[in-house]
Amino acid sequence: MLAAIGIEEVIVADGRRSALRWGLGVLCLLLLAMAAVAAWGWVHYQRFADAPAASGETAASLRIERGDGFATVLGRLREAGIDAGHDIEWRLLARHMDAAGRLKVGEYALDPGLTPRELLQRMRDGRVVQYRVTLVEGWNFRQVRAALAAADPLEHETTGMDDAALMAALDQPGQHPEGRFLPETYLYQRGDSDLDVLRRAHAAMVQALAQAWESRAADVPLKTADDALVLASIVEKETGQAHERPQIAGVFARRLRQGMLLQTDPTVIYGMGSSYDGNIRRRHLTTDTPYNTYTRAGLPPTPIAMPGRAALQAAVNPAPGDALYFVSRNDGSHIFSATYAEHRAAVDCYQRKRCPATPAATPAQAPEGALRR
């Protein structure tokens with residue numbers, strides 16, 4: 001009887017061990033299958049993250065608006081032609097990159113070949129599409145406003161504002177706008193306005209003018225930084241040759257010291273306003289306006305254009321010398337003269353085409369010195 005019981009216990013124990021082995025085998029198979037599925041999923045996920053996000057054409061860009069959640073952004077991506085991966089893969093990747101709740105407002109380029117990882121990184125870091133608008137040295141404020149009005153997709157808040165209202169909107173009430181904006185290339189993004197660009201350009205000019213004024217020569221004949229801005233605007237309009245700016249400034253500095261009239265055409269032209277037709281005539285030189293430096297002594301009341309940094313530096317650090325006149329060679333450069341006789345000879349040669357026959361008498365060999373008339 002006891003032997004039978006023992007045999008039965010052995011059989012039960014063997015059965016339990018067999019069941020356990022079978023169970024363990026099944027579990028191992030399940031684990032292996034799960035591991036295989038996980039490995040396949042990981043490989044597939046990695047391929048999704050680093051493969052092109054679109055199989056065909058896409059929109060040029062995508063905008064994220066304030067308040068958009070990840071689901072909304074993902075929906076816009078699909079509408080824009082981004083068809084890679086399942087939504088769950090996008091969510092996993094965004095979570096892995098810590099991007100899901102940190103997408104920045106703005107416009108993002110959808111470049112060909114862009115991967116989901118690169119796209120989410122752009123949106124997480126706020127690397128938005130940048131546009132640019134260039135304010136050119138020597139432009140007047142009318143030209144500045146025209147350039148900003150033509151800039152796209154810049155928002156145009158100043159449409160309908162006159163210059164006074166515009167300056168008030170920039171928190172500069174009563175300030176004349178001419179010359180108050182630094183000519184440079186400014187980057188902006190969709191949603192920015194012309195006032196945003198002007199505010200930055202104004203601040204840049206304030207800083208550049210302060211730096212120039214701080215570095216001025218001890219004997220410069222200017223009383224204020226605003227005087228330097230006015231003179232720099234004249235220098236900017238008188239020459240396009242960078243190396244000539246200090247020489248041009250030197251002529252005007254010596255004239256100011258000696259109480260001579262500046263007699264510079266660009267100021268006369270500015271004073272003529274819209275009546276200027278491209279030609280300046282003798283009657284224009286004798287018609288008095290606040291900007292006619294043939295009829296009024298000293299500097300004009302405001303700048304006449306936007307001077308660049310080099311013109312600002314030239315105005316406060318004019319080149320030494322004895323030139324009081326200059327005349328154009330008609331190639332962008334000038335002949336500088338110390339005496340009126342030399343200047344008349346230079347005018348005859350380069351403006352009236354009546355150069356002396358002998359090289360020794362040509363104005364080009366006159367003493368280095370520099371005005372136009």
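## Overview

The protein chain has 13 helices and 6 strands. Helices (H or I, at least four residues) and strands (E, at least two) are DSSP runs, numbered from the N terminus. This is a predicted model, in which local features need pLDDT of at least 70 and side-chain atom pairs count only at pLDDT 80 or more, while totals for chains, interfaces and linings use all residues. Residues are numbered from 1 along each chain as its sequence is written, and side-chain values use heavy atoms, with hydrogens and water left out.

Of the 373 residues of the protein chain, 39% count as buried. Buried means under 20% relative accessible area, exposed means over 50%, and partly exposed lies in between (1.4 Å probe, protein chains only). The accessible surface of the protein chain is about 20,000 Å², and 55% of that surface belongs to carbon and sulfur atoms. Accessible areas come from the Shrake-Rupley method with a 1.4 Å probe; for residues, only the protein chains shown count as cover.

## Helices H2 and H3

Helix H2 covers residues 70-79 and helix H3 covers residues 87-96; they pack at an angle of about 125 degrees, with their axes 11 Å apart. Axes are lines fitted to C-alpha atoms, for helices over the stretch in contact, and angles run from 0 to 180 degrees between N-to-C directions. H2 and H3 are therefore oblique to each other. Angles under 35 degrees count as roughly parallel, over 145 as roughly antiparallel, 65 to 115 as roughly perpendicular and the rest as oblique.

The crossing of H2 past H3 is right-handed. A crossing is left-handed if the near helix is turned anticlockwise from the far one by less than a right angle, and right-handed if clockwise. On the H2 side, Phe70, Ala71, Leu74, Leu77 and Arg78 meet Asp87, Trp90, Arg91 and Ala94 of H3. Contact means heavy atoms within 4.5 Å. By class, the contact of H2 with H3 has 6 nonpolar, no polar and 3 charged residues. Here Ala, Val, Leu, Ile, Met, Phe, Trp, Tyr, Cys and Pro count as nonpolar, Asp, Glu, Lys and Arg as charged, and the others, Gly among them, as polar.

## Helix H7 and its partners

The axes of H5 and H7 come within 10 Å and cross at roughly 135 degrees. That angle makes H5 oblique to H7. H5 passes H7 in a right-handed crossing. Phe141, Val144 and Leu148 of H5 make the contact with Asp194, Val197 and Leu198 of H7. The residues of this contact of H5 with H7 divide into 5 nonpolar, no polar and 1 charged.

Helix H7 (residues 194-214) also packs with helix H8 (residues 225-238), at an angle of about 100 degrees and with their axes 10 Å apart. H7 and H8 are therefore roughly perpendicular to each other. Met205, Leu209 and Trp213 of H7 make this contact with Ala225, Asp226, Ala228 and Leu229 of H8. The contact of H7 with H8 has 6 nonpolar residues, no polar ones and 1 charged. Alanine 225 is in helix H8, and alanine 225 touches Leu209 and Trp213, not counting residues up to four places away in sequence. The C-alpha atoms of alanine 225 and valine 206 are separated by 9.9 Å, and the two residues are 19 residues apart along the chain.

In helix H12 (residues 309-316), the buried residues are Ala311, Leu312, Ala314, Ala315 and Val316. These buried residues pack against H7, H8 and helix H9 (245-258).

Threonine 289 is in the loop between helix H11 (282-286) and H12. Is threonine 289 buried or exposed? At 19% relative accessibility, threonine 289 counts as buried. Leaving out residues up to four places away in sequence, threonine 289 touches Gly271, Thr295 and Arg296.

## Backbone exceptions

Most residues other than glycine have a negative phi, and most peptide bonds are trans. A cis peptide bond joins aspartate 152 and proline 153, with omega about 10 degrees. Proline 153 lies in the loop between helix H5 (141-150) and helix H6 (163-169).

Aspartate 171 has a positive phi, near 65 degrees. This aspartate lies in the loop between H6 and strand E4 (185-188), and aspartate 171 is exposed, with a relative accessible area of 60%. Asparagine 330 also has a positive phi, of about 70 degrees. Asparagine 330 is found in the loop between strand E5 (325-328) and strand E6 (334-337), and asparagine 330 is partly exposed, with a relative accessible area of 48%.
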